[in-house]
Amino acid sequence: MLQTLKNAWKIPDLRRRILFTLMMLIVFRFGAHIPVPYLTADAMQAFLGNGGTDLFSLFDVFTGGAFSNATVMAMGVSPYINASIIVQLLTVAIPSLERLAKEGLEGRKKINKITRYLGIALAFIQGAGLYVTLYNMSVTNGLDAIKNPSVLTFFVIVLTFTAGTAFIIWLGELITEKGLGNGVSLIIFAGIVSRIPSAAYGIYNQFLGAGVNAKGLIFVVAIIVVAIAAITFVVFFSEAERRIPVQYAKRVVGRKMYGGQSTNIPIKVAAGGVMPIIFASSIMAFPATIVRLVSGGNMPTAGLGYYILGCLSAGYASAWWTSLVYAILYALLILFFTYFYSSIQFNPIELANNMKKSGGYIPGIRPGKPTSDYIGKISSRLNLVGAFFLAIIAILPVIVGAIFNVTALQIGGTSLLIMEGVALETVRQIESQMTMRHYKGFLE
């Protein structure tokens, strides 16, 4: 990867794109430190201080701490991601959106426009909900979360949150157009990477802060070994694929003969990427998020509600069995959403029909329904393997965090998958740009 970046730097156009991308990411990080008027950062940190992995904890990770610091970028790109998921699901259910998706570039532009407006609307709704929660915290706990609460204050805070999200969406689209890689993904990547130094310092301070000792060194080395093994595991499975051989029959058109070549259909083991984990995380975090919004940030500290939320939120309850129940429920949801997302993204019947129209067939399998059944069967098996892979990556940090009592690792699986996916995809785009610029063609 380093050699690829070194070679890309030598090409003036790619160098400009790399520098533009870095500058936009720096602008994003500067924006993550601009405070919101009438809002105090201490209240936001107190709001997140009860532990657990609810949706607001995910916001804070994806925004690189902008949420906990009560800055303009506090909402991040989460509303846009939610809007993308909603539009993607509605594309399957609403025929007009499905037609737009099949219209090529113009259709995708219209869908992106719908997604953009829906993301901004969701940012306003989430900002309004957050304002109400912080206001309830001020009333019930006596915290000076919102200064001079009024209708004007409400609109200033909520519109500032919404404007921050709109700016990030615009920044992401600008990176996609004039920079390298997917802009929104790179912004999430930058937010997660910015938290690594503070997480590493927290681990160091927890185990070696009082002085270097054998027990602390063993724990730190064990965490590093697990992290390296997880990264290797993620890269290996993310690149793994099953290739189904396809043979195209020869056909004569006029005086020329077409077809007859052999190719394959690559089906990735982890075709859904990080989306099943994001879906599962959102469902698991929803109850704790609702309780926090309704109660003004006051979470139960004992009783049945405390243990129920402990089973639905990693690191919230102190009992070991709540982490075990959480891991089992999380794995089952990941398994469900892996199959659900695959059924939306991959259609074996449509693929088999396209092969039949092109004169293609899988050796030993009859065209039509037998081909679609065969591809569906392989896809189902790969989904099972991919679901286990995603579950291991998502649960491993939770287990390690519970064993070593390291809260910084509770949502590390999702972050690791996002960082790995964005890094690999960006390197692929750089390599494709380099190949295009070094291709001399047949005229020379």
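Me: Are Tyr131 and Phe154 buried or exposed?
Reply: Both Tyr131 and Phe154 are buried, that is, under 20% relative accessible area, where exposed is over 50% and partly exposed lies in between (1.4 Å probe, protein chains only). This is a predicted model: local features need pLDDT of at least 70, side-chain atom pairs count only at pLDDT 80 or more, and totals for chains, interfaces and linings use all residues. Residues are numbered from 1 along each chain as its sequence is written, and side-chain values use heavy atoms, without hydrogens and water.

Me: Why is the pair of Tyr131 and Phe154 called edge-to-face?
Reply: Rings of Phe, Tyr and Trp (its six-membered ring) pair if their centres lie within 6.5 Å; planes under 30 degrees apart are stacked, over 60 edge-to-face, the rest tilted. Here the centres are 5.1 Å apart and the planes at 80°, so the pair is edge-to-face.

Me: What does this pair tie together?
Reply: Tyr131 lies in helix α7 (residues 105-141) and Phe154 in helix α8 (residues 151-178), so the pair ties together parts 23 residues apart in sequence. Helices are DSSP runs (H or I, at least four residues), numbered from the N terminus.

Me: What makes Phe167 and Trp170 a tilted pair?
Reply: Their ring centres are 5.7 Å apart, with 40° between the planes. That angle is neither stacked nor edge-to-face, so the pair is tilted.

Me: Why is Trp170 called partly exposed?
Reply: Its relative accessible area is 45%.

Definitions and conventions. Helices (H or I, at least four residues) and strands (E, at least two) are DSSP runs, numbered from the N terminus.
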